[in-house]
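Subject: Handover of a protein structure

Dear colleague,

Please find below the structure that I am passing on to you, followed by an account of what was found in it.

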Amino acid sequence: MHSHIEVWLPRMPKSRKEAEQMVGELMAPYDSNRPGATAEAFWDWYVIGGRWTGEHDGFDSETDIRNYEVCRICKGTGDRGDYDDEKMRNWHRGCNSCRGTGLSHTWETAPHPGDIMELDKVSDSMTAFAVLVNGEYRETDDTKSLKEYLKRTFKITTGVLVTVDCHD
Ligand SMILES: [Zn+2]
């Protein structure tokens, strides 16, 4: 299952690479692939952004051309050319993979800078399944506002949030 996690950092990383390192260190104790992993381990794979890219700022990754590639099924023509059934061909708009657009989504989502953002700039209405704060993993059980949750639970109003797509 994929979950939307937000990892809190006390300061803005100097680069995406540094962000990956900082998040990596905080995530490491919860790696279920680790020998001797406990029941507290909550991930076997994760990526910054992923299917939750743009949650901080409402950015829509569907509009980002970097997230598309030429459709491998129809080689970008938008027509597979091998439909026996005309009805089926029309239903799929020429290609069941790209629906006739000639473009497919890339497997990975291109890095979006907004996925690493100062807490005070993050959308007030954003929610998340869980947070990782000061080494503590907590499911938020909160459908209102993650900012409010952080303020209430950890007295945190500054720092940086990193959106993480987490698989367990
Ligand atoms: Zn296609």
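I begin with L132, which is in contact with I5, V7, W8, L26 and Y137 when its neighbours within four places in sequence are left aside. This residue belongs to strand β6. L132 has 22 other C-beta atoms within 10 Å and is therefore buried, the cut-off being 20 or more.

Please note that the model is a predicted one. The average pLDDT of the protein chain is 94, and 100% of the residues score at least 70.

Overall division

The protein chain is divided into two parts: domain 1 comprises 2-62 + 110-167, and domain 2 comprises 65-105. A distance of 36 Å separates the C-alpha centres of domain 1 and domain 2.

The nonpolar core

Which residues touch the most other members of the largest nonpolar core? They are V7, V162 and V164, in a core of 26 residues. Two or more residues are given to this core by each of β1, α1 (16-27), β2 (45-48), β6, α3 and β8 (160-167). With five residues, β8 gives the most. Turning to V164 in particular, its contacts beyond four places in sequence are I5, E6, V7, V23, Y46 and I48.

Helix α1

The twelve residues of α1 should span 16 Å at 1.5 Å a residue, and this agrees with the 16 Å between its end C-alpha atoms. The buried residues in this helix include A19, V23 and L26. Viewed down the axis of α1, the buried residues fall within an arc of 60 degrees, so they line one face of the helix. The elements that cover them include β1, β2, β5, β6 and β8. On the other side of α1, K17, Q21 and E25 are exposed.

Helix α3

In helix α3, which runs over residues 146-154, L146, Y149 and L150 are buried. Because the buried residues fall within an arc of 95 degrees as seen down the axis of α3, they line one face of this helix. Their packing is against β1 (2-9) and β6 (130-133). Just after α3 comes K155, with a positive phi of about 55 degrees.

Loop residues

K75, a residue other than glycine, has a positive phi near 55 degrees. K75 sits in the loop between β3 (68-70) and α2 (86-91). It counts as partly exposed, with 13 C-beta neighbours inside 10 Å. R93 is not a glycine either, yet has a positive phi of about 55 degrees. The loop that holds R93 is the one between α2 and β4 (103-105). R93 also counts as partly exposed, with 13 C-beta neighbours inside 10 Å.

Not counting residues up to four places away in sequence, E40 touches Y30 and Y137. Y137 is also among the contacts of L132. E40 and I65 are 25 residues apart in sequence, with 38 Å between their C-alpha atoms.

Lastly, T158 is located in the loop between α3 and β8. T158 is exposed, having 11 other C-beta atoms within 10 Å. Between T158 and T109 there are 27 Å in space, C-alpha to C-alpha, and the two are 49 residues apart in sequence.

With kind regards

Conventions:
Residues numbered from 1 in each chain as written. Predicted model: local features only at pLDDT ≥ 70, side-chain atom pairs only at ≥ 80, totals over all residues. Domains from an automatic or database assignment. Buried ≥ 20, exposed ≤ 12 C-beta atoms within 10 Å, placed from the backbone. Helix = DSSP H or I, 4+ residues; strand = E, 2+ residues; numbered from the N terminus. Arc of directions from axis to C-beta. Contact = placed C-beta atoms within 7 Å. Core = buried A, V, L, I, M, F, W, Y, C linked by C-beta atoms within 7 Å. pLDDT = per-residue confidence, 0-100. Expected span 1.5 Å × (residues − 1).
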